[in-house]
Amino acid sequence: MRLLVLCGLSFMADAMEVTLLAFMSICAGVEWHLNDSQMASITSAVFAGQFIGGLFWGPFADVYGRRKSYMLTISIISIGGFVSGISPNYLFLVACRMIVGFGVGGLTVPFDLLAEFIPANVRGEYLMKMEYFWTLGGLFVAGSAWIILTSSGWRALTIVSAVPVTVTAIIGYFLLPESPRWLLEQGRTEEAEQVLKQAMEFNGSTINEMKFKLAPMSHPSDHVNGQNDYTAEGQDGATSDSIATSASHGTAQSQPTLFELFRIQCILYKNLLRSENIGYSVPLWGAWFTFGFCYYGVILFISRLYNSGGDPSNMVCDFNFGPIFINASAELFGLFSCIQVVDVWGRPFLMFVTYILSAATALGM
């Protein structure tokens, strides 16, 4: 549970920065008399930085570890958030938001850390529970805007939104463990064992001695990237399947450079587009693209829909906060419902039902 909270807080930081854009772009535009394209560029800068960060932080986490990647991304978001609040002009703000976006691009790494740490039989449930923190982040910004935006302005809201991110960085520094999977891939078996022992002690269980045993995955699709599961076996025969890792057999490996990892990624993308793998890769990429396009579009559209100016050509730094808060709160019901059925319906069918429902209601709106 502690790991879920720590990783979830990073998702909360991501949600806060995205929800903040809905208010910041309009209010900064009003203050500096920006046109529509300039206001939109404040938002676009974050996603441009996120695109670059997404390409960078994955290889970085593979070389230097999930924990270090987590700490750096959270710190970058925190610093960029505070500096954004004191931006003297439009171009400075755009630069700050791109830096924030670069940090946000690495916030999928804690998602990976949680997935690598927990047993496969509850992985879907716990990864879905992480999304609660995303909703809480959106609610925090929407509630803070309701309280302080009209009276104190967008700068105060930006600084307030950066405070929880800073707290997350401090807590993570002291409590976040490294991924046992990554430690195994680096040949650091003793450290991986120590991390798991500490987790067991925290949860009130112990294993006197531990060794790692390679076990095959249960589904053919898991072998697309040549992966296997490592299980930790105790002296009494008890096992834990909490680590999924590539078949490095716990041997020490030379540390590749970031350039080499980028090259390897290009090869992996090429392999994913082969005929035997395309049935997995293309639908997943398409689902993520459409999800991001629609979700972020709705979030940013809501602030314009409920702007008190009443006209897209007459935006003001004042909003009808009640409906915005209700819109953010609705995700709690959706998450709770999905968690109840995700392991019963399966991922693809649940995506089909929820995406169709979202499309129908967006069209109705």
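1. Of the 365 residues in the protein chain, 44% count as buried, where buried means under 20% relative accessible area, exposed over 50%, and partly exposed in between (1.4 Å probe, protein chains only). This is a predicted model, in which local features need pLDDT of at least 70 and side-chain atom pairs count only at pLDDT 80 or more, while totals for chains, interfaces and linings use all residues. Residues are numbered from 1 along each chain as its sequence is written, and side-chain values use heavy atoms, with hydrogens and water left out.

2. On confidence, the protein chain has a mean pLDDT of 81, and 85% of its residues reach 70 or more; pLDDT is the predictor's confidence in each residue, from 0 to 100. Among the elements of the chain, helix α4 (residues 90-104) has the highest mean pLDDT (94) and strand β3 (residues 239-246) the lowest (42). Over residues 234-252 the pLDDT is below 50, although the model gives this stretch 69 contacts beyond near neighbours in sequence, a contact being heavy atoms within 4.5 Å.

3. The protein chain has 13 helices and three strands, taken as DSSP runs (helices H or I, at least four residues; strands E, at least two) and numbered from the N terminus. Among its contacts between residues at least 6 apart in sequence, 69% join residues at least 24 apart.

4. The largest nonpolar core has 65 residues, and those with the most contacts inside it are Phe23, Ile42, Leu114, Leu149, Trp154 and Phe319; such a core is a set of buried Ala, Val, Leu, Ile, Met, Phe, Trp, Tyr and Cys residues joined through side-chain atoms within 4.5 Å. Helix α1 (residues 2-32) supplies the largest share of this core, 18 residues. Apart from it lies another core, of seven residues, including Met128, Leu335, Val341 and Val342.

5. Leaving aside neighbours within four places in sequence, Leu114 is in contact with Leu3, Leu4, Cys7, Tyr126, Leu127 and Met130.

6. The largest share of the patch, seven residues, comes from α11. Trp285 is found in that helix, α11, and is partly exposed, with a relative accessible area of 39%.
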